[in-house]
Amino acid sequence: PMGEAPVPELDAVLGGGGWDVGASFEGPPPPTVPIRLGRNACYVVLAVLFNEEDRVLLVQEAKPECRGRWYLPAGRMEPGESIVAAMRREVKEETGLECEPLTLLALEERGPAWIRFAFLARPTGGTLKTLEEADAESLQAAWWAGDPCALPLRALDILPLLDLAARYRRSPPHPPTLPQELPCALLCLRLLVAFANDAGDLWVLLGTAGTPHLPVVACGMSPAELRGGLRLPVLRLLRDCLPSDPRPGPLGLLGLQHQAGGPGGADGICFNVLLSIPPRSPGAAPPEPCGPTFRWWHVEEESLRGRILQRLRTVGMVPIRS
């Protein structure tokens, strides 16, 4: 019955919105130390902007180790700063331009302690920084029309992001996705785990402790857990609750929740992610959970079922790159 499933939570998460994280987590006990920028985590923001002539905004670096080379506007978030405010600040400091975000293009991570948020944004004002205005943030900024590889680049990791941005502008693979202002003390993932068979049946995995809900797992901060990245707590949970090796598909980001100066000044983030468990055979039902902590909910309501299947079939999510 619909009353036994978290339909409002699913609606919010599928729509790119947020939902209260709460204090209980599935899987191993969560870390007791909150996430704090500059202490146990580093968040980086990056922006891709185009002008009306389809030129991309690039920055000439001033840092000694890469001085004179070109890159997208990017930099570290500061404690007490929202993700979008950090992106706007970095663009302003490095290029002289004001901007507003359109969507997240990608989430890049090297374990939970280093995460980069790549945005597609649009200019809204300001004046392009010239060489006469060079400072410690950048030497200058320019709208570049040609192949970025014709320039001496600081790193080639911006090329896939430029490709993502160009494809998004032609045909958006996912709805505009921007951070939601909701507090979170830890780094965690809310999991929309879907199982769809060839007959078009769809199930969603629910946690059963208290009110049925989408499972939430916390990222550990030990060296081994940092090396395992955001996928590690997901795999651990699935291997503990499902028989045999579930071999889930790739993680895709539906949305994320962060509030500057959260509980006790924490800078935690909840990532709302979608992943699928592939069926072993045509028409198969999902594998029965190993204990009473989880259960599968058969999604029969056509609108909700269609929204989940569309995201799965079109890979309609912000990519997570490890």
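Predicted model: local features only at pLDDT ≥ 70, side-chain atom pairs only at ≥ 80, totals over all residues.
Colleague: How many aromatic pairs does the structure hold?

Modeller: The structure holds three aromatic pairs. Rings of Phe, Tyr and Trp (its six-membered ring) pair if their centres lie within 6.5 Å; planes under 30 degrees apart count as stacked, over 60 as edge-to-face and the rest as tilted.

Colleague: Why is the pair of Tyr43 and Phe117 called edge-to-face?

Modeller: The ring centres of Tyr43 and Phe117 are 5.9 Å apart and the planes stand at 85 degrees, so the pair is edge-to-face. Tyr43 belongs to strand S1 (residues 42-49) and Phe117 to strand S6 (residues 114-126), so the pair ties together parts that are 74 residues apart in sequence. Strands (E, at least two residues) and helices (H or I, at least four) are DSSP runs, numbered from the N terminus. Both Tyr43 and Phe117 are buried.

Colleague: What makes the pair of Phe195 and Trp296 edge-to-face?

Modeller: For Phe195 and Trp296 the centre-to-centre distance is 6.2 Å and the angle between the planes is 65 degrees, hence the edge-to-face label. Phe195 in strand S8 (residues 187-196) and Trp296 in strand S13 (residues 294-298) are 101 residues apart. Ring pairs also link Phe195, Trp203 and Trp296 into a cluster.

Colleague: Why are Phe195 and Trp296 called buried?

Modeller: Buried means under 20% relative accessible area, exposed over 50%, and partly exposed in between (1.4 Å probe, protein chains only). Phe195 has 2%, so it is buried; Trp296 has 12%, so it is buried too.

Colleague: How do you know that the charged end of Arg110 sits over the ring of Trp114?

Modeller: The criterion is that NZ of Lys or CZ of Arg is within 6 Å of the ring centre and within 35 degrees of the ring normal. The charged end of Arg110 is placed over the Trp114 ring, 3.9 Å from its centre. The charged end of Arg154 is likewise over the ring of Tyr71, at 4.3 Å from the centre.

Colleague: Is Val45 buried or exposed, and what does Val45 touch?

Modeller: Val45 has a relative accessible area of 1%, so it is buried. Val45 lies in strand S1. Contact means heavy atoms within 4.5 Å; leaving out residues up to four places away in sequence, Val45 touches residues including Pro73, Met77, Ile83 and Phe117. The C-alpha atoms of Val45 and Ile115 are separated by 8.6 Å, although the two are 70 residues apart along the chain.

Colleague: Why does Thr103 count as buried?

Modeller: Relative accessibility is 0% at Thr103, so Thr103 counts as buried. Thr103 is placed in strand S5 (residues 97-109). A polar atom of the Thr103 side chain lies 2.9 Å from the backbone nitrogen of Thr177.

Colleague: What is the phi of Arg247, and why is Arg247 called exposed?

Modeller: Arg247 has a positive phi of about 45 degrees although it is not a glycine. Its relative accessibility is 60%, so Arg247 counts as exposed. Arg247 is found in the loop between helix H5 (231-241) and strand S11 (252-257).

Key
Residues numbered from 1 in each chain as written. Heavy atoms only, no water. Polar contact = N/O pair within 3.5 Å; in protein donor to acceptor, adjacent residues only side chain to side chain.
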